[in-house]
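Could you walk me through a few places inside this protein?

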Amino acid sequence: MANYQNLLVAIDPSQDDQPALRRAVYIVQRSGGRIKAFLPIYDLSYEMTTLLSPEEASAMRKGVTSQRTAWLKQQAHYYLKAGIDIEIKVVWHNRPYEAIIQEVITGEHDLLLKMTHKHDKLGSLIFTPLDWQLLRKCPCPVWMVKDQIWPDQGSILVAVNLSNEESYHHELNLKLVRETQALARQIMPDPEIHLVSAYPVAPLNIAIELPDFDPSVYNHALRGQHLISMKELRQKFCIDEKYTHIHEGLPESVIPEMCDEMNAGIVVFGILGRTGLSAAFLGNTVEHVIDHLKCDLLAIKPDGFACPVKVAKEQQ
């Protein structure tokens with residue numbers, strides 16, 4: 001059950017404002033816990049300077065690390081002054097996503113927060129390659145924070161997969177709703193939690209190639225199956241029917257539209273974390289959806305997720 005008490009915030013070194021740190025402070029002020037503000041840094045020029053001895057290069061790296069540590073302490077100054085428990089940590093590492101995930105593992109953090117940027121024209125979020133790596137590979141839940149204030153009376157949307165294609169979707173749906181309810185009790189005063197699911201209509205080419213195929217019958221049956229599955233899910237958690245939504249269409253269209261309609265502050269997804277050929281051939285549905293989001297995102301892995309990033313022995 002979600003009870004986020006040990007938070008890791010991945011600091012954005014490119015700007016002075018840190019929305020992810022603000023969101024972490026918001027959480028611990030309401031439920032307690034501690035925060036670690038973490039920044040991996042790397043400058044290839046220091047590694048390529050052949051005129052410096054190893055000792056001199058090491059001293060220069062330490063100097064840069066010290067400068068960034070001082071900068072980060074300044075970022076957290078007002079929170080520290082207010083008595084918020086924030087640990088500052090800056091490390092030299094040439095792969096930021098590995099450094100962050102290794103810190104999650106060694107520090108036994110139960111939530112990772114990171115800022116995402118908003119596309120100025122479209123309002124949707126821009127996810128960087130670092131964001132994708134963390135979403136796919138981080139073993140703990142990942143909260144991607146939008147750089148604006150939480151909306152007034154903002155609701156929480158849970159995107160559930162109600163297809164019967166894979167059995168693991170059912171267990172993941174249960175986990176998503178269970179952890180979302182726990183999160184809501186932890187940090188928000190009586191928020192609305194909505195369950196949202198989308199189903200695709202029958203492709204037109206099937207009706208052309210198979211004259212006896214009736215798309216309307218197929219679509220009706222598919223909607224019926226989703227309604228039954230949604231009813232079973234909501235009843236397990238005593239959620240009123242008016243907070244459940246099933247819409248015809250692709251998830252990447254339906255879910256962002258529902259987020260706008262429901263004034264969502266955050267949408268919760270289950271993400272399988274496929275990588276390599278599996279991701280290339282099968283795709284990650286969530287990744288098509290979140291390109292169109294305009295609100296925060298919380299990505300949760302299924303039980304038994306195997307993190308592909310390993311921790312070096314000297315870090316353990």
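Predicted model: local features only at pLDDT ≥ 70, side-chain atom pairs only at ≥ 80, totals over all residues.

Residues are numbered from 1 along each chain as its sequence is written, and side-chain values use heavy atoms, leaving out hydrogens and water.

**Lysine 36**
- You will find K36 in strand β2, residues 34-41 (strands are DSSP runs of E with at least two residues, helices runs of H or I with at least four, both numbered from the N terminus).
- K36 counts as buried because its relative accessibility is 9% (buried means under 20% relative accessible area, exposed over 50%, partly exposed in between, with a 1.4 Å probe and protein chains only).
- Beyond four places in sequence, K36 touches residues including L7, E87 and H109 (contact means heavy atoms within 4.5 Å).

**Nonpolar cores**
- The largest nonpolar core has 53 residues, and L7, I35 and W143 are among those with the most contacts inside it (a nonpolar core is a set of buried Ala, Val, Leu, Ile, Met, Phe, Trp, Tyr and Cys residues joined through side-chain atoms within 4.5 Å).
- Helix α7, residues 168-187, gives the most to this core, with 7 residues.
- A second, separate core has 38 residues, including Y97 and C307.

**Isoleucine 193**
- I193 lies in strand β9, residues 193-199, and is buried at 14% relative accessible area.
- I193 and V177 are 16 residues apart in sequence, and their C-alpha atoms are 8.9 Å apart in space.
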